[in-house]
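Student: Could we go through this structure together? I'd like to ask things as they come up.

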Amino acid sequence: MNSELKFFTRQEYKKPYAIQPHTHPCFELVYYLSGSGVTTVNGMEYEFSPGSIILTQANDIHSERATEPVVVLFIGFITDHTFVNGPFFTDLEEKMLHTIMEIETEMKRKDYFYEAVVNLLTEKLLYQIQRSSPREDKRKSDFAYILNYMHANANQNITVEQIAYTLGYNYDYFRQLFIKNVGQSAKNYLMQLKLNNVKEYLINFDYSLNEIAQITGFSSTSHLCMVFKKQFRISCAEFKKNNKSINKGHNIFTDI
């Protein structure tokens, strides 16, 4: 496995704050050192507290808010690791925090070969995250694991057949299992996730429809527009015009 650190930032919010919906072109790991609040990733909310970790993949739409002071670490990286769990983790034994502190120290000192060292430490951190995940047999018995995987990968150009294969399920069994637990087909559920992400991009960003189609895993702009209008009875352009966000921004920090 190969990993490369792209950025490391310590941020101290001394009063309530909100980070508007945004994305990154790489993975981002967010470690909360103090305070509590709510992070939203691809439409799902997660309550964070000290020791909480949020891991987002490239182009995941995420935002954050808190009504109290918070100290947080932001770590951006690229990697060929794959993450099948949801974006929320906890570091109860602070093993991951120890590794993150090593990364921060290396970034500050910048001794010889520090870049290679921080990349190795980033690799170590990612293995620690995967080690903290539930055992495979337990995950497969928990349907929430499947939903987390679909939410985490909704923006990928991926089919239900590929999802079933990746998670180790027979395709026909997977389809039946999904309908039994959710009440709709996995294909419809995945498309709804994609369309919800499209709406977020239309409201909060100035990307072209072609760019949004690529980011959200549609085969073409025409396919996106056709499915969107069929689902919502309104074109993408009309939806964007009617729902333009007042607080549109990319990585914009504002007080609550």
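Student: Is the crossing of α4 and α7 left-handed or right-handed?

Tutor: The crossing of α4 and α7 is right-handed; a crossing is left-handed if the near helix is turned anticlockwise from the far one by less than a right angle, and right-handed if clockwise. Before going on, please note that this is a predicted model, in which local features need pLDDT of at least 70 and side-chain atom pairs count only at pLDDT 80 or more, while totals for chains, interfaces and linings use all residues. Residues are numbered from 1 along each chain as its sequence is written, and side-chain values use heavy atoms, with hydrogens and water left out.

Student: OK, and at what angle do the axes of α4 and α7 cross?

Tutor: They cross at roughly 45°, and the axes of α4 and α7 (residues 186-204) come within 9 Å. Axes here are lines fitted to C-alpha atoms, for helices over the stretch in contact, and angles run from 0 to 180 degrees between N-to-C directions. The two helices are therefore oblique to each other, since angles under 35 degrees count as roughly parallel, over 145 as roughly antiparallel, 65 to 115 as roughly perpendicular and the rest as oblique. Helices (H or I, at least four residues) and strands (E, at least two) are DSSP runs, numbered from the N terminus.

Student: Which residues meet there?

Tutor: From α4 there are Leu147, Met150 and His151, which meet Ala186, Tyr189, Leu190 and Leu193 in α7.

Student: And what about α1 and α2, at what angle do they pack?

Tutor: α1 and α2 pack at about 165°, with their axes 9 Å apart, and that makes α1 roughly antiparallel to α2. Their crossing is left-handed. The contact, meaning heavy atoms within 4.5 Å, includes Ile100 and Ile103 of α1 and Leu121 and Leu125 of α2.

Student: What else is Ile100 in contact with, leaving aside neighbours within four places in sequence?

Tutor: With those neighbours left aside, Ile100 is in contact with Phe8, Leu29, Tyr31, Leu73, Ile75 and Leu125. Together with Leu29 and Ile75, Ile100 touches the most other members of the largest nonpolar core, which has 21 residues. A nonpolar core is a set of buried Ala, Val, Leu, Ile, Met, Phe, Trp, Tyr and Cys residues joined through side-chain atoms within 4.5 Å, and buried means under 20% relative accessible area, exposed over 50%, partly exposed in between (1.4 Å probe, protein chains only).

Student: Which elements give two or more residues to this core?

Tutor: They are β1 (3-13), β3 (27-34), β6 (52-56), β8 (70-79), α1 (95-109) and α2 (114-132), and α2 gives the most, with five residues. Apart from this core lies another, of 19 residues, among them Ile158, Ala164, Phe178 and Ala186.

Student: Changing topic, how many disulfides are there?

Tutor: The count comes to zero disulfides, where a disulfide is a pair of cysteine sulfur atoms within 2.5 Å. For Cys236, the nearest cysteine sulfur, that of Cys225, is 4.4 Å away. Cys236 is buried, with a relative accessible area of 3%.

Student: Last one: is Arg233 buried or exposed?

Tutor: Arg233 counts as exposed, at 72% relative accessibility, and it is found in the loop between α9 (221-232) and α10 (236-242). Arg233 also has a positive phi of about 60°, although it is not a glycine. Most residues other than glycine have a negative phi.
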